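Please look over the structure below before reading on.

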Amino acid sequence: MKKNISIIRLLVVFCLFSALLCGCATKVSTLPKKRVVSQRTKTKVWKSKKDSGKFVAGPVRYSKLPEQSSTLAARRLSIKSQSMRTWRDLGPQIRKSIEYVQRNPSGGLALRRKELRLTWGQLRKSLEDLERLLPRLDRNPELLGKYFVWYELQSGAEMTGYYTPVIEASLTKKGPYKYPVYRLPPDLRKARPGQTHPWSEQLRKAYRVENGKILPYHSRRAIDVNKVLAGRGLEVAWLKDPVDLFYMHVQGGGVLRLPDGRLRTAVFSGSNGRSFKGLGSIMLHSGVLKKSQLSREKIKAWLLKHPKQMWELMAKNESYIFFKVTRGQPQAAIGKSLKSMVSLATDPKLIPLGSIVGFRTDIYPKRGRPSRRVNGVGLAQDTGKAIKGARLDYYIGTGNQFKYPAHHLKTHVPVYLLISKSALRR
(Lines give C-alpha, C1' and ligand atoms only; values in the text may rest on other atoms or scores of the structure.)
Protein backbone atom coordinates (compact mmCIF):
# COMPACT_ATOMS: atom_id res chain seq x y z
CA MET A 1 0.00 0.00 0.00
CA LYS A 2 2.78 2.43 0.96
CA LYS A 3 4.59 1.47 -2.23
CA ASN A 4 1.50 2.37 -4.30
CA ILE A 5 1.18 5.74 -2.55
CA SER A 6 4.84 6.49 -3.30
CA ILE A 7 4.33 5.64 -6.97
CA ILE A 8 1.25 7.91 -7.13
CA ARG A 9 3.21 10.77 -5.54
CA LEU A 10 6.00 10.32 -8.09
CA LEU A 11 3.47 10.40 -10.93
CA VAL A 12 1.89 13.63 -9.59
CA VAL A 13 5.29 15.31 -9.29
CA PHE A 14 6.21 14.17 -12.79
CA CYS A 15 2.95 15.59 -14.23
CA LEU A 16 3.44 18.91 -12.48
CA PHE A 17 7.01 19.16 -13.75
CA SER A 18 5.87 18.34 -17.31
CA ALA A 19 3.17 21.02 -17.13
CA LEU A 20 5.72 23.62 -16.07
CA LEU A 21 8.01 22.66 -18.94
CA CYS A 22 5.14 22.96 -21.42
CA GLY A 23 4.24 26.42 -20.08
CA CYS A 24 7.82 27.62 -20.44
CA ALA A 25 8.08 26.18 -23.91
CA THR A 26 4.87 27.97 -24.91
CA LYS A 27 6.16 31.34 -23.71
CA VAL A 28 9.43 30.97 -25.56
CA SER A 29 7.70 30.04 -28.82
CA THR A 30 5.48 33.17 -28.77
CA LEU A 31 8.32 35.70 -28.44
CA PRO A 32 9.39 35.78 -32.10
CA LYS A 33 5.78 36.42 -33.17
CA LYS A 34 5.55 39.43 -30.84
CA ARG A 35 8.73 40.89 -32.30
CA VAL A 36 7.41 40.59 -35.84
CA VAL A 37 4.11 42.27 -34.97
CA SER A 38 5.79 45.15 -33.15
CA GLN A 39 8.02 45.84 -36.16
CA ARG A 40 5.09 45.92 -38.56
CA THR A 41 3.19 48.43 -36.47
CA LYS A 42 5.94 50.99 -37.18
CA THR A 43 5.07 51.15 -40.90
CA LYS A 44 3.77 54.63 -41.73
CA VAL A 45 0.51 54.76 -43.65
CA TRP A 46 -1.76 57.62 -44.63
CA LYS A 47 -5.39 57.35 -43.51
CA SER A 48 -8.14 59.55 -44.83
CA LYS A 49 -11.77 59.43 -43.77
CA LYS A 50 -14.09 59.94 -46.74
CA ASP A 51 -17.65 61.28 -46.56
CA SER A 52 -18.86 57.70 -46.93
CA GLY A 53 -17.13 56.85 -43.66
CA LYS A 54 -14.68 54.47 -45.33
CA PHE A 55 -10.96 54.82 -44.83
CA VAL A 56 -8.43 54.86 -47.64
CA ALA A 57 -5.05 53.71 -46.42
CA GLY A 58 -1.72 53.25 -48.13
CA PRO A 59 1.99 53.89 -47.71
CA VAL A 60 3.21 57.44 -48.15
CA ARG A 61 5.68 56.58 -50.88
CA TYR A 62 6.19 57.04 -54.60
CA SER A 63 6.07 54.30 -57.22
CA LYS A 64 6.87 54.64 -60.92
CA LEU A 65 3.95 54.22 -63.31
CA PRO A 66 4.49 52.16 -66.49
CA GLU A 67 4.72 54.34 -69.61
CA GLN A 68 1.45 52.95 -70.93
CA SER A 69 -0.36 54.02 -67.74
CA SER A 70 1.32 57.44 -67.81
CA THR A 71 0.27 58.00 -71.42
CA LEU A 72 -3.31 57.02 -70.60
CA ALA A 73 -3.37 59.39 -67.60
CA ALA A 74 -1.90 62.21 -69.73
CA ARG A 75 -4.53 61.67 -72.43
CA ARG A 76 -7.26 62.42 -69.88
CA LEU A 77 -5.80 65.81 -68.98
CA SER A 78 -7.94 68.83 -69.86
CA ILE A 79 -6.43 72.30 -69.65
CA LYS A 80 -9.91 73.79 -70.14
CA SER A 81 -11.03 72.14 -66.90
CA GLN A 82 -8.49 74.49 -65.24
CA SER A 83 -10.14 77.55 -66.81
CA MET A 84 -7.45 78.02 -69.49
CA ARG A 85 -8.05 78.14 -73.24
CA THR A 86 -4.74 76.58 -74.25
CA TRP A 87 -1.72 74.88 -72.69
CA ARG A 88 0.29 77.98 -73.68
CA ASP A 89 -1.54 79.88 -70.91
CA LEU A 90 0.44 77.82 -68.41
CA GLY A 91 3.75 79.24 -69.68
CA PRO A 92 4.09 82.41 -67.53
CA GLN A 93 3.38 80.46 -64.33
CA ILE A 94 5.93 77.77 -65.25
CA ARG A 95 8.48 80.55 -65.72
CA LYS A 96 7.81 81.72 -62.13
CA SER A 97 8.58 78.23 -60.83
CA ILE A 98 11.78 78.11 -62.92
CA GLU A 99 12.91 81.43 -61.44
CA TYR A 100 12.36 80.03 -57.93
CA VAL A 101 14.06 76.68 -58.56
CA GLN A 102 17.16 78.20 -60.15
CA ARG A 103 17.85 80.10 -56.93
CA ASN A 104 18.74 76.74 -55.36
CA PRO A 105 21.99 74.84 -56.03
CA SER A 106 21.52 72.59 -59.07
CA GLY A 107 23.08 69.57 -57.35
CA GLY A 108 21.30 70.07 -54.04
CA LEU A 109 18.55 67.65 -53.05
CA ALA A 110 15.03 69.00 -53.45
CA LEU A 111 13.45 65.68 -52.42
CA ARG A 112 15.16 63.22 -50.10
CA ARG A 113 13.22 59.99 -49.70
CA LYS A 114 14.24 56.33 -49.65
CA GLU A 115 12.31 55.51 -52.82
CA LEU A 116 12.97 58.77 -54.72
CA ARG A 117 15.64 61.46 -54.66
CA LEU A 118 15.51 64.53 -56.88
CA THR A 119 17.84 67.49 -57.27
CA TRP A 120 16.89 71.10 -57.91
CA GLY A 121 18.56 70.74 -61.29
CA GLN A 122 16.21 67.89 -62.20
CA LEU A 123 13.17 69.94 -61.17
CA ARG A 124 14.39 72.85 -63.28
CA LYS A 125 15.01 70.64 -66.30
CA SER A 126 11.51 69.14 -65.94
CA LEU A 127 9.94 72.62 -65.85
CA GLU A 128 11.94 73.73 -68.90
CA ASP A 129 10.95 70.59 -70.80
CA LEU A 130 7.29 71.17 -69.96
CA GLU A 131 7.60 74.79 -71.08
CA ARG A 132 9.02 73.71 -74.47
CA LEU A 133 6.31 71.07 -74.87
CA LEU A 134 3.34 73.43 -74.30
CA PRO A 135 2.68 74.34 -77.98
CA ARG A 136 2.23 70.63 -78.83
CA LEU A 137 -0.02 69.67 -75.92
CA ASP A 138 -3.29 71.11 -77.21
CA ARG A 139 -3.33 68.40 -79.88
CA ASN A 140 -1.33 65.73 -78.08
CA PRO A 141 -1.57 65.89 -74.25
CA GLU A 142 -0.40 62.25 -74.18
CA LEU A 143 3.11 63.57 -74.92
CA LEU A 144 3.32 64.22 -71.17
CA GLY A 145 3.20 60.46 -70.75
CA LYS A 146 5.82 59.89 -73.44
CA TYR A 147 8.41 62.43 -72.28
CA PHE A 148 7.74 62.41 -68.53
CA VAL A 149 7.94 59.74 -65.85
CA TRP A 150 4.87 59.79 -63.60
CA TYR A 151 5.57 58.90 -59.98
CA GLU A 152 2.35 57.99 -58.21
CA LEU A 153 1.93 58.84 -54.53
CA GLN A 154 0.50 55.51 -53.41
CA SER A 155 -1.41 57.01 -50.50
CA GLY A 156 -3.02 59.68 -52.67
CA ALA A 157 -3.59 62.95 -50.83
CA GLU A 158 -6.25 64.89 -49.02
CA MET A 159 -7.11 67.93 -51.16
CA THR A 160 -8.63 71.12 -49.78
CA GLY A 161 -9.11 74.51 -51.40
CA TYR A 162 -8.10 78.06 -50.56
CA TYR A 163 -8.57 81.49 -52.06
CA THR A 164 -7.51 85.09 -51.51
CA PRO A 165 -10.39 86.92 -49.81
CA VAL A 166 -11.22 90.56 -50.47
CA ILE A 167 -11.62 92.18 -47.06
CA GLU A 168 -13.10 95.55 -46.09
CA ALA A 169 -10.28 97.61 -44.60
CA SER A 170 -8.93 101.09 -43.94
CA LEU A 171 -5.38 102.40 -43.70
CA THR A 172 -6.43 104.44 -40.65
CA LYS A 173 -8.46 103.61 -37.57
CA LYS A 174 -11.94 105.05 -37.94
CA GLY A 175 -15.56 104.07 -37.38
CA PRO A 176 -16.03 100.28 -37.70
CA TYR A 177 -12.39 99.77 -38.76
CA LYS A 178 -10.90 98.93 -35.36
CA TYR A 179 -9.07 95.59 -35.65
CA PRO A 180 -5.36 96.15 -36.40
CA VAL A 181 -3.13 94.49 -38.97
CA TYR A 182 0.44 94.67 -37.63
CA ARG A 183 3.72 94.91 -39.50
CA LEU A 184 6.78 92.94 -38.39
CA PRO A 185 7.84 94.35 -34.98
CA PRO A 186 11.45 95.55 -34.68
CA ASP A 187 11.98 93.59 -31.45
CA LEU A 188 11.19 90.24 -33.13
CA ARG A 189 14.50 88.48 -33.66
CA LYS A 190 15.60 85.27 -35.36
CA ALA A 191 18.70 83.20 -34.77
CA ARG A 192 21.50 83.58 -37.29
CA PRO A 193 22.33 80.60 -39.55
CA GLY A 194 24.26 78.01 -37.54
CA GLN A 195 23.24 79.55 -34.22
CA THR A 196 21.72 76.54 -32.51
CA HIS A 197 22.77 76.35 -28.85
CA PRO A 198 21.08 76.97 -26.45
CA TRP A 199 18.10 77.80 -28.69
CA SER A 200 15.03 75.66 -28.73
CA GLU A 201 13.28 75.05 -32.05
CA GLN A 202 10.73 77.76 -31.24
CA LEU A 203 13.37 80.31 -30.27
CA ARG A 204 15.24 79.69 -33.52
CA LYS A 205 12.09 80.77 -35.39
CA ALA A 206 11.43 83.94 -33.36
CA TYR A 207 12.34 85.39 -30.01
CA ARG A 208 12.65 88.65 -28.09
CA VAL A 209 15.01 90.00 -25.46
CA GLU A 210 13.46 91.57 -22.37
CA ASN A 211 15.53 92.81 -19.41
CA GLY A 212 18.46 90.80 -20.69
CA LYS A 213 16.44 87.57 -20.90
CA ILE A 214 15.77 85.62 -24.10
CA LEU A 215 12.05 84.83 -24.35
CA PRO A 216 9.67 83.38 -26.96
CA TYR A 217 7.95 86.08 -28.98
CA HIS A 218 4.48 87.23 -27.89
CA SER A 219 1.59 84.79 -28.44
CA ARG A 220 -1.73 85.58 -30.12
CA ARG A 221 -3.28 85.98 -26.69
CA ALA A 222 -0.69 88.56 -25.68
CA ILE A 223 -1.15 90.50 -28.93
CA ASP A 224 -4.94 90.33 -29.41
CA VAL A 225 -6.21 90.07 -25.83
CA ASN A 226 -3.51 91.81 -23.78
CA LYS A 227 -2.71 94.36 -26.55
CA VAL A 228 1.07 94.25 -26.03
CA LEU A 229 1.76 95.74 -29.49
CA ALA A 230 -0.91 98.45 -29.37
CA GLY A 231 0.24 102.07 -29.52
CA ARG A 232 3.69 101.29 -30.92
CA GLY A 233 2.96 102.54 -34.44
CA LEU A 234 3.02 99.03 -35.95
CA GLU A 235 -0.48 99.15 -37.44
CA VAL A 236 -0.52 99.11 -41.26
CA ALA A 237 -4.29 98.66 -41.73
CA TRP A 238 -7.52 98.20 -39.80
CA LEU A 239 -10.32 95.70 -40.51
CA LYS A 240 -14.04 95.65 -39.72
CA ASP A 241 -14.27 91.97 -38.88
CA PRO A 242 -12.05 90.18 -36.30
CA VAL A 243 -12.82 86.73 -37.75
CA ASP A 244 -11.80 87.91 -41.22
CA LEU A 245 -8.54 89.08 -39.65
CA PHE A 246 -8.00 85.67 -38.05
CA TYR A 247 -8.56 83.86 -41.35
CA MET A 248 -6.27 86.31 -43.15
CA HIS A 249 -3.60 85.04 -40.77
CA VAL A 250 -4.48 81.47 -41.70
CA GLN A 251 -4.35 82.26 -45.43
CA GLY A 252 -1.09 84.19 -45.02
CA GLY A 253 -2.42 87.22 -46.90
CA GLY A 254 -5.42 88.95 -48.37
CA VAL A 255 -6.67 91.67 -50.69
CA LEU A 256 -7.88 94.78 -48.85
CA ARG A 257 -10.68 96.94 -50.28
CA LEU A 258 -10.36 100.47 -48.95
CA PRO A 259 -13.40 102.73 -48.33
CA ASP A 260 -12.80 104.59 -51.63
CA GLY A 261 -12.74 101.32 -53.59
CA ARG A 262 -8.98 101.08 -54.07
CA LEU A 263 -7.36 97.69 -53.57
CA ARG A 264 -4.24 96.89 -51.56
CA THR A 265 -2.61 93.58 -50.74
CA ALA A 266 -1.61 92.34 -47.29
CA VAL A 267 1.54 90.28 -47.84
CA PHE A 268 3.11 87.91 -45.31
CA SER A 269 6.26 89.41 -43.80
CA GLY A 270 6.92 87.17 -40.77
CA SER A 271 5.45 85.28 -37.83
CA ASN A 272 5.90 84.93 -34.09
CA GLY A 273 7.26 81.40 -34.59
CA ARG A 274 4.67 79.73 -32.39
CA SER A 275 2.68 76.60 -33.19
CA PHE A 276 -0.41 76.72 -35.40
CA LYS A 277 -3.72 75.15 -34.40
CA GLY A 278 -6.81 75.17 -36.62
CA LEU A 279 -9.87 77.01 -35.39
CA GLY A 280 -12.17 74.10 -36.30
CA SER A 281 -10.10 71.75 -34.17
CA ILE A 282 -10.10 74.24 -31.30
CA MET A 283 -13.88 74.62 -31.34
CA LEU A 284 -14.45 70.89 -31.68
CA HIS A 285 -12.26 70.02 -28.70
CA SER A 286 -13.73 72.90 -26.68
CA GLY A 287 -17.17 71.35 -27.19
CA VAL A 288 -18.80 74.45 -28.66
CA LEU A 289 -19.44 72.94 -32.12
CA LYS A 290 -19.95 69.43 -33.44
CA LYS A 291 -17.92 67.93 -36.26
CA SER A 292 -20.83 68.41 -38.69
CA GLN A 293 -20.85 72.15 -37.91
CA LEU A 294 -17.22 72.93 -38.73
CA SER A 295 -17.73 74.83 -41.98
CA ARG A 296 -16.07 78.24 -42.04
CA GLU A 297 -19.44 79.99 -42.35
CA LYS A 298 -20.84 78.27 -39.24
CA ILE A 299 -17.65 78.86 -37.28
CA LYS A 300 -17.73 82.58 -38.10
CA ALA A 301 -21.43 82.91 -37.29
CA TRP A 302 -20.95 81.26 -33.88
CA LEU A 303 -17.97 83.42 -32.98
CA LEU A 304 -19.70 86.68 -33.88
CA LYS A 305 -22.69 85.66 -31.74
CA HIS A 306 -20.40 84.92 -28.76
CA PRO A 307 -17.86 87.79 -28.69
CA LYS A 308 -16.68 87.07 -25.15
CA GLN A 309 -15.66 83.52 -26.05
CA MET A 310 -14.44 84.49 -29.52
CA TRP A 311 -11.11 86.01 -28.45
CA GLU A 312 -10.39 83.19 -25.98
CA LEU A 313 -10.97 80.51 -28.61
CA MET A 314 -8.93 82.28 -31.28
CA ALA A 315 -6.12 82.84 -28.78
CA LYS A 316 -5.65 79.06 -28.50
CA ASN A 317 -3.99 79.25 -31.90
CA GLU A 318 -0.74 80.83 -30.68
CA SER A 319 0.61 81.50 -34.18
CA TYR A 320 0.49 85.14 -35.28
CA ILE A 321 1.29 86.56 -38.71
CA PHE A 322 2.67 90.02 -39.55
CA PHE A 323 2.04 91.77 -42.86
CA LYS A 324 3.16 94.54 -45.12
CA VAL A 325 0.64 96.35 -47.33
CA THR A 326 1.56 96.68 -51.00
CA ARG A 327 0.00 97.55 -54.35
CA GLY A 328 1.04 94.23 -55.90
CA GLN A 329 -0.71 90.86 -56.04
CA PRO A 330 -0.59 88.30 -53.19
CA GLN A 331 2.61 86.28 -53.23
CA ALA A 332 3.16 82.59 -52.68
CA ALA A 333 6.01 80.88 -50.84
CA ILE A 334 8.11 80.99 -54.05
CA GLY A 335 7.97 84.80 -53.92
CA LYS A 336 5.71 85.04 -56.97
CA SER A 337 1.98 85.55 -57.46
CA LEU A 338 -0.36 82.55 -57.56
CA LYS A 339 -2.43 81.40 -60.53
CA SER A 340 -5.99 80.23 -59.97
CA MET A 341 -6.72 76.57 -60.69
CA VAL A 342 -2.97 75.90 -61.12
CA SER A 343 -1.01 76.76 -57.96
CA LEU A 344 -0.83 74.21 -55.15
CA ALA A 345 0.28 74.50 -51.53
CA THR A 346 2.22 71.39 -50.50
CA ASP A 347 4.48 69.98 -47.82
CA PRO A 348 7.95 70.50 -49.37
CA LYS A 349 9.27 67.38 -47.64
CA LEU A 350 6.90 65.30 -49.77
CA ILE A 351 6.28 67.50 -52.82
CA PRO A 352 9.06 70.12 -53.24
CA LEU A 353 8.28 73.67 -54.32
CA GLY A 354 8.77 73.83 -58.08
CA SER A 355 7.32 70.35 -58.70
CA ILE A 356 4.92 69.52 -61.52
CA VAL A 357 1.91 67.69 -60.08
CA GLY A 358 -0.79 65.71 -61.88
CA PHE A 359 -4.11 65.27 -60.07
CA ARG A 360 -7.84 64.72 -60.50
CA THR A 361 -10.54 66.34 -58.37
CA ASP A 362 -14.10 67.73 -58.38
CA ILE A 363 -14.92 71.41 -57.84
CA TYR A 364 -18.33 72.70 -56.71
CA PRO A 365 -18.60 76.17 -58.36
CA LYS A 366 -21.76 77.41 -56.61
CA ARG A 367 -24.36 76.25 -54.14
CA GLY A 368 -26.85 73.96 -55.83
CA ARG A 369 -24.73 73.56 -58.97
CA PRO A 370 -23.26 70.20 -60.06
CA SER A 371 -19.57 69.49 -59.55
CA ARG A 372 -16.97 70.09 -62.23
CA ARG A 373 -14.26 67.49 -62.86
CA VAL A 374 -10.71 68.81 -63.09
CA ASN A 375 -8.09 66.58 -64.71
CA GLY A 376 -5.16 68.88 -64.31
CA VAL A 377 -1.51 69.68 -64.00
CA GLY A 378 -0.66 71.87 -61.03
CA LEU A 379 2.50 73.61 -59.87
CA ALA A 380 3.73 73.34 -56.27
CA GLN A 381 4.26 77.03 -55.46
CA ASP A 382 3.03 77.59 -51.93
CA THR A 383 3.15 76.13 -48.41
CA GLY A 384 1.13 76.43 -45.22
CA LYS A 385 1.43 75.52 -41.56
CA ALA A 386 -1.57 73.21 -41.85
CA ILE A 387 -0.24 71.54 -45.02
CA LYS A 388 1.68 68.52 -43.75
CA GLY A 389 2.34 65.12 -45.30
CA ALA A 390 -0.04 63.76 -47.94
CA ARG A 391 -2.06 66.95 -48.24
CA LEU A 392 -2.63 69.44 -51.08
CA ASP A 393 -4.25 72.87 -50.89
CA TYR A 394 -5.59 73.96 -54.29
CA TYR A 395 -5.64 77.68 -55.07
CA ILE A 396 -9.07 78.54 -56.51
CA GLY A 397 -8.67 82.29 -57.08
CA THR A 398 -8.72 85.87 -55.79
CA GLY A 399 -12.08 87.32 -54.76
CA ASN A 400 -15.02 86.44 -52.56
CA GLN A 401 -16.75 84.67 -55.47
CA PHE A 402 -14.28 81.82 -54.92
CA LYS A 403 -15.21 81.39 -51.27
CA TYR A 404 -17.82 78.66 -51.88
CA PRO A 405 -15.73 76.37 -54.14
CA ALA A 406 -12.67 76.79 -51.91
CA HIS A 407 -14.55 75.97 -48.70
CA HIS A 408 -16.38 73.01 -50.23
CA LEU A 409 -13.33 71.24 -51.59
CA LYS A 410 -12.27 68.42 -49.31
CA THR A 411 -11.66 65.07 -50.93
CA HIS A 412 -9.11 62.31 -51.41
CA VAL A 413 -7.37 62.57 -54.78
CA PRO A 414 -4.80 60.67 -56.86
CA VAL A 415 -1.47 62.53 -57.07
CA TYR A 416 1.46 62.17 -59.49
CA LEU A 417 4.87 63.82 -59.51
CA LEU A 418 5.97 64.47 -63.13
CA ILE A 419 9.72 64.38 -63.89
CA SER A 420 11.00 64.56 -67.45
CA LYS A 421 12.96 61.55 -68.70
CA SER A 422 15.82 63.77 -69.84
CA ALA A 423 16.10 65.18 -66.30
CA LEU A 424 16.37 61.68 -64.84
CA ARG A 425 19.25 60.85 -67.20
CA ARG A 426 21.35 63.54 -65.55
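Residues 24 or more positions apart make up 75% of the chain's contacts (heavy atoms within 4.5 Å) with a separation of 6 or more. This is a predicted model, in which local features need pLDDT of at least 70 and side-chain atom pairs count only at pLDDT 80 or more, while totals for chains, interfaces and linings use all residues. Numbering starts from 1 along each chain as its sequence is written, and side-chain values use heavy atoms, with hydrogens and water left out.

The chain holds 13 helices and 21 strands, which are DSSP runs (helices H or I, at least four residues; strands E, at least two) numbered from the N terminus. Of its 426 residues, 45% count as buried, meaning under 20% relative accessible area with a 1.4 Å probe, protein chains only.

Helix H2 spans residues 67-75, and its buried residues are Ser70, Thr71, Ala73 and Ala74. These residues lie on the same side of H2 because they cover an arc of only 165° around the axis, taken from the directions from the helix axis to the C-beta atoms. The buried residues of H2 pack against helix H5 (143-147) and strand E6 (148-153).

The second largest pocket has about 270 Å³ of space. A pocket here is an open set of points on a 1 Å grid over the protein atoms alone where a 1.4 Å probe fits, with protein on both sides within 12 Å along at least five of seven lines; lining residues have an atom within 4 Å of a point. The volume is the space filled by probe spheres set on the points, which are joined across faces, edges and corners. Of the 16 lining residues, Tyr163, Pro165, Asp244, Lys300 and Lys403 are the closest to the centre of this pocket.

Notes:
Buried < 20%, exposed > 50% of the residue type's maximum accessible area, 1.4 Å probe, protein only.
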